[in-house]
Each structure stands twice: as C-alpha cells, then as structure tokens.
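Here's a quick briefing for anyone meeting this structure for the first time. Have a look at it, then read on.

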Amino acid sequence: MSQESRRVPDYPEDLKYSVDHEWVREGNETTVRVGVTAYAAEQLGDIVYVSLPSVGDTVAAGDACGELESTKSVSDVLTPVAGTVSAVNPLLEGSPETVNSDPYGDGWLFELEIDEDSDLDDLLDADGYAEHVGS
C-alpha cells in the first residue's frame with residue numbers, strides 16, 4: 001500500500017500521547033488537560049455517556065478514572081500522568097458526543113494538577129503515537 005493511499009490521521013503536535021489513547025496538553029507549569037484521541041473516539045463509535053473523576057480525586061498514572069460509554073461498548077479512561085483532578089469538563093454531562101466531534105478541543109475530559117515527579121517526557125509525541133496506532 002503506498003503512502004498516499006493510506007489515510008493518515010492528524011495528531012496535534014503540541015500534545016503528548018499515552019499508549020492507551022489519551023492525550024495531555026500542558027497548561028501552566030503544574031496543570032495539564034486530558035482527553036482521548038480522535039483514534040480512540042473513532043474506535044469507540046458514538047459516545048452517549050461520559051463518567052469522569054471528581055474534582056479533588058488523586059490518581060496515579062495508568063489508573064482507570066472514568067468511563068466512556070458508546071453505542072458499541074464501555075471503555076475505561078486511564079489517566080496518563082499522576083496528579084489531583086482540578087477540573088472536569090461540564091459540557092460533557094449534557095453533550096457526551098462532543099468527545100467524538102471535537103476530541104482535541106471542547107471534548108477534553110478533565111484537568112490535573114500533576115505530581116512533582118510526573119514526567120510528561122515519558123509520553124509519546126505525535127509521530128510516536130501515529131506509529132503506535134499503525135498510521
């Protein structure tokens with residue numbers, strides 16, 4: 001299959017990615033925003049319900065901290081870095097489909113005050129993530 005005939009998704013280069021299909025966008029020095037990738041949203045299908053952690057919850061990297069329910073299945077949301085939940089996206093309560101339509105914008109899931117020892121360099125860059133999903 002030639003390079004041109006493959007559909008290559010566009011993964012924003014300003015994000016870091018987990019092998020579990022979450023993305024991390026750096027905010028200020030201690031806060032990050034977390035969401036799921038367009039690849040994950042596409043694999044899930046139409047998302048009909050989002051369960052998120054509560055503000056104040058402490059999470060470790062790799063912890064299941066919520067769920068995305070689609071017309072196909074229910075998938076855990078895994079936190080890519082350790083920290084304390086500082087915000088959740090209120091839009092998703094009434095409009096869970098936003099995760100499908102705008103996964104890198106209004107479809108973000110939650111924000112974390114990251115632990116001092118969390119290292120975002122352990123996550124993949126856009127090219128590494130694209131390679132991981134076989135793009």
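How many aromatic pairs does a search of the whole structure find? The search finds four, where rings of Phe, Tyr and Trp (its six-membered ring) pair if their centres lie within 6.5 Å, and planes under 30 degrees apart count as stacked, over 60 as edge-to-face and the rest as tilted. Keep in mind that this is a predicted model: local features need pLDDT of at least 70, side-chain atom pairs count only at pLDDT 80 or more, and totals for chains, interfaces and linings use all residues. Residues are numbered from 1 along each chain as its sequence is written, and side-chain values use heavy atoms, leaving out hydrogens and water.

**Aromatic pairs**
- Tyr-17 and Tyr-129 are stacked, at 4.9 Å centre to centre with 15 degrees between the planes.
- That pair links strand S1 to helix H4 (residues 126-132), 112 residues apart; helices (H or I, at least four residues) and strands (E, at least two) are DSSP runs, numbered from the N terminus.
- Both Tyr-17 and Tyr-129 are buried, meaning under 20% relative accessible area (1.4 Å probe, protein chains only).
- Tyr-11, Tyr-17 and Tyr-129 make up one aromatic cluster.

**Charges over rings**
- Arg-25 has its charged end over the ring of Trp-23, 5.0 Å from the centre; this calls for NZ of Lys or CZ of Arg within 6 Å of the ring centre and within 35 degrees of the ring normal.
- Arg-33 lies over the face of Trp-108, 3.9 Å from the ring centre.

**The sheet**
- Six strands form an open sheet in the order S1-S2-S3-S9-S8-S5, with antiparallel pairing; two strands pair if DSSP finds at least two bridges between them.
- Its edge strands are S1 (16-17) and S5 (58-59).

Definitions and conventions: Buried means under 20% relative accessible area, exposed over 50%, partly exposed in between (1.4 Å probe, protein chains only).
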